[in-house]
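User: I would like to learn how to read the sheet and helix features of a protein model. Please take me through one case.

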Amino acid sequence: MADGLSVFLVEDEALIRMMIADMVEELGHHVVAEADNVRDASAFAMTAQYDFAILDINLKGLYVDPVADLIERRGKPFLFATGYGPELLPSLLRRRPILRKPISLDQLKTMIDSLFPGAAGKAPH
């Protein structure tokens, strides 16, 4: 497998999803699964092979916490990318890392590096 981490990306806004996917690729990682709704995201959460997930909190009016629960059951790390604050999350998920939209490349890199300290050297830049 190529260097870099595999990412499961859950975002309901297509342009934002593409932008985050581009940033993930620029950092030397790769998106292996994408979803824009809770149903599809739940299926991928349990079956896709990924190192970590980036989750939007609100997917077409539904909160992503059922998906986060599935990812947590698999023991996979994840972070939230949202314009909302942590107060919308169930209390057990509030301790998870949150990236505030709009997300910058530097913020995403810092967050990934904090989740996977050894991955920092794998980025091409």
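Analyst: What follows covers the sheet, one of its strands, and the helices beside it. This is a predicted model, so to speak of local features pLDDT of at least 70 is needed, side-chain atom pairs count only at pLDDT 80 or more, and totals for chains, interfaces and linings use all residues. Residues are numbered from 1 along each chain as its sequence is written, and side-chain values use heavy atoms, with hydrogens and water left out.

User: In what order do the strands of the open sheet stand?

Analyst: Strands of a sheet pair through backbone hydrogen bonds, either parallel or antiparallel. Helices (H or I, at least four residues) and strands (E, at least two) are DSSP runs, numbered from the N terminus, and two strands pair if DSSP finds at least two bridges between them. Here five strands make an open sheet with parallel pairing, ordered β2-β1-β3-β6-β7. β2 (30-35) and β7 (98-100) are the edges; each has a single partner strand, so one side of each is left without a neighbour in the sheet. On average, neighbouring strands are turned by 25° against each other, direction ignored; axes are lines fitted to C-alpha atoms, for helices over the stretch in contact, and angles run from 0 to 180 degrees between N-to-C directions.

User: Which residues of β6 have bridge partners in β7?

Analyst: Strand β6 (residues 78-82) pairs with β7 in the parallel sense over three bridges. Among the partners, Ala 81 has Leu 99, and Phe 80 stands opposite Ile 98. Strand β3 (residues 52-55) also runs parallel to β6, joined by three bridges; Ile 54 has Leu 79 as its bridge partner.

User: Are the faces of β6 covered or open?

Analyst: Buried means under 20% relative accessible area, exposed over 50%, partly exposed in between (1.4 Å probe, protein chains only). Both faces are covered: Phe 78, Phe 80 and Thr 82 are buried on one side, Leu 79 and Ala 81 on the other.

User: Which residues of helix α3 are buried?

Analyst: An α-helix has 3.6 residues a turn, so residues three or four places apart point the same way. In α3 (residues 65-73), Val 67, Ala 68, Leu 70 and Ile 71 are buried. They fall within an arc of 160° seen down the axis, so they line one face of the helix; the arc is that of the directions from the helix axis to the C-beta atoms. These residues pack against β1, α2, β3 and β6, where contact means heavy atoms within 4.5 Å.
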